[in-house]
Amino acid sequence: MTTTYKPLNRDQMAWRAAQDLQEGAYVNLGIGMPTRAASYVPDGREVIFHSENGILGLGPKPELGTEDENLIDAGKNYTTLIKGGVFMHHADAFLMIRGKHLDVSLLGAFEVSEAGDLANWTTEDPSFPPGVGGAMDLAVGAKEIRVIMDHTDKAGKPRILKKCRLPLTALGCVKRIYTNLAVIDVTEQGLFVREMVEGMTLEQLQALTEPKLQLANNWQSLTPPAMAA
Amino acid sequence: MIDKSVASPAEAVAGVKDGAVVLVAGFGTVGIADDLLEALHEQGSTNLTIVHNNAGNGDTGLARLINSGRVSKVICSYPRSGDYSAFLNAYRAKTLELELVPQGIISERMHAHAAGLGGFFSPVTAHTKLAEGKETREIDGVLHVFEKPLKGDIALLRAKKADRWGNLIYDQSARNFNPIMAMAADLSVVQVNEMVELGSLDPEAVVTPSIFIDRVLVVGAKA
């Protein structure tokens, strides 16, 4: 049986990840798509964002013309500080990261294994120097590591694998994966699909995923609001 | 009377020897002591090891030192930031060595030196390529990797305000590595926008106490 389904766009993926950020949570958002999640925290929920370069209480992008050259985020873009926000030096910023003080770290990834191994720091392109930034610190430190990534690579090959092929960032750290097709929990009993996009079958999702998927008892349709890509 | 201010950029970086380990604070282009890096270029020391989060941008500051062949090694977490062509060219020509260290490990290694510690065990990099060749130990069931302390011969810092003793406050996210590097070098030199009267900085708000600072260069605020 073939059914049709529509993958989420990047903003919808960020929206989905943001719905799970609880009131009062301290959260680090990785560079790229994870950063977008900050825009989609439900109204009235106070979530405090941390930035590795020494900010607790990261705010939204500044309005044009109000940028401050000394106020940037981990992606080196101009940012703002919310009321109650503070600055700290790098060692304290990473103490918060490494010492299990953050509730959630939401990261991008190239690959995740069924055991929750994470590969997100290098594609081993020999023509460029490697860069690790804060990726390895972030992957061991937060109370819960969640990943947001496309379900497959550009060639349509799975990125959720039995074993990661790219060099590891950390072993067994990922607890939840948000993709453009599904929300998947990594558990000791294996990968459980909590949500799938409307119209998708488990067989279709399994065909795009290397390790075995199981459907959670209370699984739901993944139905984000319409958003411009 | 204690007065750590120096009259010129040349005086600020005087005495740096060939082969020195230079701690360069900053993240991206924020919180970098641009004037001190230019002064170091003029000063002429070579075969430098640079500790920095990134690896230079454009053709000024650290990038200019690299382009002039003065840097033999870079210890950083993420060289691929901004216009890093100076680093990339030297890296490809193999005239420069890269030691890649996770961002939080660089800062904590300097913190360890500053605190007089012989290193520490950390779970970061365990089971990865970056732990290859390093001592490991299982602590409470979790594999940890031994990290050595990291010390600078000189630290090049940037702050917002200083007093004549060298107490410092910073400007927002321009704080970044500055307070850590200030504590981790034999000679800590800071460029500041403004020198203020001793006693006018709120003692509850001073970030870097004067004990860590040796020289202060007032450069004024940048446009």
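Predicted model: local features only at pLDDT ≥ 70, side-chain atom pairs only at ≥ 80, totals over all residues.
The loop between β5 and β6 of chain B is where you find B:H127. Its phi is near 70 degrees, a positive value in a residue other than glycine. B:T125 sits in the loop between β5 and β6 of chain B as well. Here too phi is positive, at about 80 degrees, although B:T125 is not a glycine. Is B:T125 buried or exposed? Counting neighbours settles the matter: a residue is buried if 20 or more other C-beta atoms lie within 10 Å of its own, exposed if 12 or fewer, and partly exposed in between. B:T125 has 27 C-beta neighbours inside 10 Å, so it counts as buried. B:H127 has 16 other C-beta atoms within 10 Å, and therefore it is partly exposed.

Now look at the strands on either side of that loop. They belong to an open sheet of three strands in chain B, with the order β5-β7-β6 and antiparallel pairing. Which strands form the edges of this sheet? They are β5 (120-122) and β6 (136-139) of chain B, each of which pairs on one side only. On average, neighbouring strands of this sheet are turned by 40 degrees against each other, direction ignored. Follow β6(B) to its partner, strand β7 (residues 142-147) of chain B: the two run antiparallel and are joined by four bridges. Within β7(B), B:H144 is the residue that stands opposite B:R137.

Strands of a sheet pair through backbone hydrogen bonds, either parallel or antiparallel. Strand β1 (residues 26-29) of chain A pairs with β5(A) in the parallel sense, over three bridges. In this pairing A:V27 stands opposite A:V104 of β5(A). β5(A) also runs parallel to strand β8 (residues 144-148) of chain A, and four bridges join them. There, A:L106 has A:R146 in β8(A) as its bridge partner.

What about the two faces of β5(A)? In a regular strand the side chains alternate between the two faces of the sheet. Strand β5 (residues 104-107) of chain A has A:V104 and A:L106 on one side, and A:S105 and A:L107 on the other. These residues are all buried, and both faces of the strand are covered.

Next, see how the chains meet. In all, 34 residues of chain B are in contact with 30 residues of chain A. On the chain B side, the elements that give two or more residues are β4 (97-100), α5 (103-114) and α6 (178-183). Which of them gives the most? That is α5(B), with five residues. Sorted by class, the side of chain B that touches chain A has 15 nonpolar, 14 polar and five charged residues.

Our last stop is A:D68, in the loop between β3 (55-58) and β4 (81-87) of chain A. Leaving out residues up to four places away in sequence, A:D68 touches A:Y78 and, in the other chain, B:Q172. It has 16 C-beta neighbours inside 10 Å, so A:D68 counts as partly exposed. For a sense of distance within chain A, take A:D68 and A:E144: they are 76 residues apart along the chain, and their C-alpha atoms are separated by 32 Å.

Note on methods
Residues numbered from 1 in each chain as written. Chains lettered and ligands numbered in written order. Contact = placed C-beta atoms within 7 Å. Pairing = 2+ DSSP bridges. Axes fitted to C-alpha atoms, helices over the stretch in contact; angles between N-to-C directions. Nonpolar A, V, L, I, M, F, W, Y, C, P; charged D, E, K, R; others polar.
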